[in-house]
Amino acid sequence: MARTLVNVPKAAKQGEVVEIKAMIAHPMETGYRIGPNGSNIPRDIIRRFACTYNGEEVFSADLFPAVSANPFIAFTLVATTSGTIDFTWTDDAGKSQTASATITVS
Amino acid sequence: MRALWGLVGMIAAAVCSIAIAAGIEDGEKRSGFDFMTPQTQALQADDMSNPGMLWVLQGEQLWQQAQGRADVACSGCHDDARQTMRGVAARYPAFDAATGRPIDLAGRINSCRAERQQAERLAPESDALLALTAYVTHQSRGMPITPATDARLTPFRDNGRRLFQSRIGQLELSCASCHDDNWGKRLGGSVIPQAHPTGYPLYRLEWQTVGSLQRRLRNCMIGVRAEPFVFGAPELVDLELHLTERARGLLVETPAVRP
């Protein structure tokens, strides 16, 4: 079940700097912890987060085991044209979760 | 004149002792929110940065999903939670006539699952149970906690108060030792809050996940080196009953964020 929370302003003026917030529910298990039965809890983290604006990548981040569970990433973009902003989170297994939002630029 | 001052002193002492016996006075009640740093308060205040909202969103999806052999969703009977569940969590735990005992919201959701949906009970602290509880409680956000006044709850509530005031564990502390007598002071680096259950299920930064009030109660019991009650134990529900009565009038904050 996709559990993501993204916040993109619905409308913005041409050239305006807008703040984008993105959060995903993920355990970000480091791989260094030991479970109740004494065996290692396998590593399970999100490795890469990317944001595309009308298909063009405008922001990305590499994530490491020190990042907390449910990572929350906020950044800014310059609103140029109306369109969709897509978000992709890719985990250790190569599986990705996506979310998208639209922005209207006037 | 001296006798008069003595009398005033005695009256003042008597008033103080009454105040201590009754716990926290109404005007002094403060949510744990007030004891947090501005940064953590900001995290809770903005729904877009509050990680607890991830569970609320999941709960919203689960609410619409048909479950069990009855193949019916929560919304199949209860319709739109935004209307039907508004204010419900503010008066829980309630009396459950079937078992003759009080039942908390998570317990009610599970009994509804078992009896109406004929589905497997959800495990305590499972994401699905926390999500549904958070979603239902979220509908009461901003409403004052108004515990049920059902007379059948009284003996259980009294037992909850007794447990709250009983010293337990190797450290021989009761809940009241910290949260009634010493709130506002520090225990190590953190401020001791008044322990009002205003925001459960809540996101604790320490847990890095959402947890229930029972998980928090068990944490405290382990903290004083006592044997904690198991999840769903009647004693924990009695404690919840006492805590909601103690927090009467404070606003529901679910999903809250705590350090």
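Biologist: How many residues does the contact take from chain B, and how many from chain A?

Modeller: A word on the ground rules. This is a predicted model, so local features need pLDDT of at least 70 and side-chain atom pairs count only at pLDDT 80 or more, while totals for chains, interfaces and linings use all residues. Residues are numbered from 1 along each chain as its sequence is written, with chains lettered from A and ligands numbered from 1 in the order in which they are written. Two residues are in contact if their C-beta atoms, placed from the backbone, lie within 7 Å. Here chain B puts in ten residues and chain A eleven.

Biologist: Which element of chain B gives the most to that side?

Modeller: Elements are DSSP runs numbered from the N terminus: helices (H or I, at least four residues) and strands (E, at least two). Helix 3 (residues 52-63) of chain B gives the most, with five residues. By class, the chain B side has five nonpolar, five polar and no charged residues. The classes go like this: Ala, Val, Leu, Ile, Met, Phe, Trp, Tyr, Cys and Pro are nonpolar, Asp, Glu, Lys and Arg are charged, and the others, Gly among them, are polar.

Biologist: Why is helix 3 of chain B described as largely enclosed?

Modeller: Think neighbour counts: a residue is buried if 20 or more other C-beta atoms lie within 10 Å of its own, exposed if 12 or fewer, and partly exposed in between, with C-beta atoms placed from the backbone. Nine of the twelve residues of helix 3 of chain B are buried, so the rest of the structure largely encloses it. Among them are B:Met53, B:Leu54, B:Trp55 and B:Leu62.

Biologist: What do those buried residues pack against?

Modeller: Both chains. From chain A there are strand 1 (4-7) and strand 3 (17-24), and from chain B helix 7, strand 5 (202-204), strand 6 (209-211) and strand 7 (257-258).

Biologist: And which residues have the most contacts inside the largest nonpolar core?

Modeller: A nonpolar core is a set of buried Ala, Val, Leu, Ile, Met, Phe, Trp, Tyr and Cys residues joined through C-beta atoms within 7 Å. The largest has 63 residues, and B:Leu54, B:Trp55, B:Ala131, B:Leu132, B:Ala134, B:Tyr135 and B:Val136 have the most contacts inside it. Helix 7 (residues 127-138) of chain B supplies the largest share, seven residues. Take B:Val136: leaving aside neighbours within four places in sequence, it touches B:Ala81, B:Met85, B:Val88, B:Ala89 and B:Leu105.

Biologist: How is chain B divided into domains?

Modeller: The bounds come from an automatic or database domain assignment. Domain 1 is 31-46 + 148-258 and domain 2 is 52-138. Their C-alpha centres lie 22 Å apart, and 24 residues of domain 1 are in contact with 23 of domain 2. On the domain 1 side, helix 11 (234-246) of chain B gives the most, with five residues. That side has 15 nonpolar, five polar and four charged residues.

Biologist: How many helices and strands are there in chain A?

Modeller: Zero helices and eight strands. The C-alpha trace spans about 60 × 20 × 20 Å along its principal axes, and 18% of the 106 residues of chain A count as buried. Among contacts in chain A between residues at least 6 apart in sequence, 56% join residues at least 24 apart.
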